[in-house]
Amino acid sequence: MIAVALVLALLIKTFLVQAFSIPSSSMEDTLRIGDRVLVDKLTPNFGDKPSRGEVVVFHDPSDWLAGEPGEQPSSNPTVRGLQGALSFIGLMPSAHEKDLIKRVIAVGGDTATCQGKGPVYVNGKALNEPYLFPGSTPCGDRNFGPLKVPADSIWVMGDNRQHSADSRYHMGEPGGGAVPDSKVIGRAITVAWPISHWKTLPIPDTFTSPASVAGPSH
């Protein structure tokens with residue numbers, strides 16, 4: 001029974017849901033440092049592409065995390081072993097993970113721009129972004145565009161714009177700051193821990209209303 005349970009847990013981690021830890025303030029107040037989120041890995045495994053407004057976890061596309069430390073393992077050998085076992089079966093984030101989490105602002109084929117104090121425009125439509133960290137401005141401290149997001153890629157930004165080294169900061173790299181869809185692990189669907197911060201992570205209305213964002217969608 002233990003063996004069956006472990007196999008099922010591994011299958012769930014590989015194909016369905018996995019836990020990830022929030023390492024920085026780049027997604028505040030939506031996600032706080034130390035939050036544990038559950039990530040839906042099923043839809044990407046079936047070829048579904050990221051959609052505008054989703055909060056997604058993705059592999060570092062081109063050394064975005066160079067020099068950034070990951071979560072440190074516990075100094076207690078027993079706790080460290082338990083953490084390793086639980087992360088192996090997907091019940092805890094790995095202490096060695098070097099993945100990122102951001103919000104999808106635009107998808108392949110979209111035109112995005114942000115100048116001055118904003119707002120962010122996607123396909124000529126202004127985004128209403130109530131999820132931004134209090135005091136943040138839509139463009140943060142880095143203007144961009146107008147630019148066209150490459151096919152099969154996404155343009156990502158943190159909700160804490162002044163403290164998020166997202167697509168805006170990697171425009172001089174291959175892909176122009178866009179993240180290939182193939183790098184996306186899955187969509188963050190809920191904050192699972194701590195209990196006091198439990199919540200789901202729905203797509204904001206500004207991305208789902210036809211009057212807000214025009215153009216191709218996935």
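Guide: Buried means under 20% relative accessible area, exposed means over 50%, and partly exposed covers the range in between. The values here come from a predicted model.

Visitor: Is Asp152 buried, partly exposed or exposed?
Guide: The relative accessibility of Asp152 is 42%. Buried requires under 20% and exposed requires over 50%. Asp152 therefore counts as partly exposed.

Visitor: Which residue meets the side chain of Asp152 in a salt bridge?
Guide: Side chains of opposite charge can pair when their charged atoms come close. The cut-off for a salt bridge is 4 Å between the side-chain nitrogen and the carboxyl oxygen. For Asp152 the N to O distance is 2.2 Å, and the partner is Lys49.

Visitor: How many residues apart in sequence are the parts that Asp152 and Lys49 tie together?
Guide: Asp152 sits in the loop between strand 8 (144–148) and strand 9 (153–157). Lys49 sits in the loop between helix 2 (42–45) and strand 3 (55–59). The pair therefore ties together parts whose separation in residues is 103.

Visitor: Is Lys49 buried, partly exposed or exposed?
Guide: The relative accessible area of Lys49 is 29%.

Visitor: Where is the salt-bridge partner of Arg52, Asp110, in the chain?
Guide: Arg52 and Asp110 form a salt bridge, with their closest N and O atoms 2.7 Å apart. The pair links distant parts of the chain, 58 residues apart, with Arg52 in the loop between helix 2 and strand 3. Asp110 is in the loop between strand 4 (99–107) and strand 5 (111–114).

Visitor: Are Arg52 and Asp110 buried or exposed?
Guide: Arg52 has a relative accessible area of 6%, and Asp110 has one of 0%. The limit for buried is under 20%. Arg52 is therefore buried, and Asp110 is likewise buried.

Visitor: Which backbone oxygen does the side chain of Ser167 reach?
Guide: Ser167 lies in the loop between strand 9 and strand 10 (179–180) and is buried, with a relative accessible area of 0%. Its side chain reaches the backbone nitrogen of Val156 at 3.0 Å. The side chain of Ser167 also reaches, at 2.7 Å, the backbone oxygen of Gly177.

Visitor: How many salt bridges does the count come to?
Guide: Among them are Asp152 with Lys49, Arg52 with Asp110 and Asp166 with Arg168. With the 4 Å cut-off, the count of salt bridges is five.

Definitions and conventions
Residues numbered from 1 in each chain as written. Predicted model: local features only at pLDDT ≥ 70, side-chain atom pairs only at ≥ 80, totals over all residues. Heavy atoms only, no water. Helix = DSSP H or I, 4+ residues; strand = E, 2+ residues; numbered from the N terminus. Buried < 20%, exposed > 50% of the residue type's maximum accessible area, 1.4 Å probe, protein only. Polar contact = N/O pair within 3.5 Å; in protein donor to acceptor, adjacent residues only side chain to side chain.
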